[in-house]
Amino acid sequence: MASSIENNNEKLTLKSSDGEEFLVEKHVALQSTLLQNMLDSDCSSADVIPLPKIDARTLALVLGYCKKHADASSSKQGELNSFDSEFLKDMDMGALFNLVLAANFMEIKGLLDIAAQKIADTIKDKPHQEVREIFHVENDYTPEEEAAVREENRWAFEGFP
Amino acid sequence: MSDYLPADALISILTLLPPKSLVQLRCVCKTWQSLITSHDFICAYLQTPLLLLRHTEKYGEELYSLRSDDADFTSLRDFKCPFKTHSGCFFRVVGCCNGVICLSDDFACYNYTIILWNPSIRRYLGIFVWF
């Protein structure tokens, strides 16, 4: 950790799955536990850190989030909260899923929490058929099996198709 | 499962849903059904502690509500007790653990019923005890 603070002005390069490179200040990258662990264990000798699961559009969003949170002092929690809600506003489900994937992979807990919460809020009152489509899940129940699970929990489906 | 998300990311989302949604989402597919009912998922889900309040507005009626364990004490869900005691009196709350409430109908009688009740998913188990 001490070395991370000493080298505060250093930068590192992250490479997205589609080949775009991002130059990031170290204190911003430290918002990610994955990158922090890599830096702590001296894996940073490589010039470029590849992030094969994250495309450039998502990585840009993730780094925007990390920069805001790294630069803000702890006394600005209110400002960060409004940044967070503005950050996810108008984001479609595809982009939210990509953010969850990226935050999960890079271990950025705050970002994972807000993106997961936004998805949970969106699907909370949706019928299961619609949730299946949103998550691209294939229904492997037979109609009889599905009806049986539904019947077992009939109360939870009141008001749903 | 999902083309989009690995299991741990999916769990991060599903643990944020209310019990009623989760009960319904067991119908999505077999993998979701086993995930939602799995020991690991339930343990992750129970990480947020809640408070249970019992109160009454008239004699013989028991009302319960789940509250957040913070300064606001926000009411999250309200339940009416679906069981009746033999004496028309109240149940004794023996204890509460992981969302399951243990009720005992042992006021003013020599034999009694013990009920294990999970109001969030509307399941219960009754045991009749003789003395």
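This is a predicted model: local features need pLDDT of at least 70, side-chain atom pairs count only at pLDDT 80 or more; totals for chains, interfaces and linings use all residues.
**Conventions.** Residues are numbered from 1 along each chain as its sequence is written, and chains are lettered from A and ligands numbered from 1 in the order in which they are written. Local features need pLDDT of at least 70, side-chain atom pairs count only at pLDDT 80 or more, and totals for chains, interfaces and linings use all residues, while side-chain values use heavy atoms, with hydrogens and water left out.

**Confidence.** I noted an ipTM of 0.84 and a pTM of 0.83 for the model. Chain B has an average pLDDT of 86, and 95% of its residues score at least 70; pLDDT is the predictor's confidence in each residue, from 0 to 100.

**Helix crossing between chains.** I looked up helix α6 (residues 93–106) of chain A against helix α1 (residues 7–14) of chain B: their axes come within 10 Å and cross at roughly 115°. Axes are lines fitted to C-alpha atoms, for helices over the stretch in contact, with angles from 0 to 180 degrees between N-to-C directions. Helices (H or I, at least four residues) and strands (E, at least two) are DSSP runs, numbered from the N terminus. Which residues meet here? From α6(A) they are A:F97, A:V100 and A:N104, and from α1(B) they are B:D8, B:A9 and B:I13; contact means heavy atoms within 4.5 Å. By class I have four nonpolar residues, one polar and one charged. Ala, Val, Leu, Ile, Met, Phe, Trp, Tyr, Cys and Pro count as nonpolar, Asp, Glu, Lys and Arg as charged, and the others, Gly among them, as polar.

**Aromatic pairs.** My search of the whole structure gave ten aromatic pairs over all chains. Rings of Phe, Tyr and Trp (its six-membered ring) pair if their centres lie within 6.5 Å; planes under 30 degrees apart count as stacked, over 60 as edge-to-face and the rest as tilted. Why is the pair of A:F83 and A:F87 stacked? The ring centres of A:F83 and A:F87 are 5.5 Å apart and the planes are at 25°, so the pair is stacked. A:F83 and A:F87 are four residues apart in helix α5 (residues 77–88) of chain A, and therefore separated by about one helical turn. A:F83 is partly exposed at 23% relative accessibility, whereas A:F87 is buried at 15%. Buried means under 20% relative accessible area, exposed over 50%, partly exposed in between (1.4 Å probe, protein chains only).

In chain B I checked B:F79 and B:W117, an edge-to-face pair with 6.4 Å centre to centre and 70° between the planes. B:F79 is in strand β3 (residues 75–80) and B:W117 in strand β6 (residues 112–118), 38 residues apart, so the pair links distant parts of the chain. Both B:F79 and B:W117 are buried.

**Single residues.** I placed A:F105 in helix α6 of chain A; A:F105 is partly exposed at 27%. Beyond its neighbours within four places in sequence, A:F105 is in contact with A:L34, A:L51, A:K53 and A:I54.

B:L76 is in strand β3 of chain B and is partly exposed at 42%.

**Positive phi.** A:E107, not a glycine, has a positive phi near 55° and sits in the loop between α6 and α7 (109–123) of chain A. A:H136, also not a glycine, has a positive phi of about 55° and lies in the loop between α8 (128–134) and α9 (143–152) of chain A.
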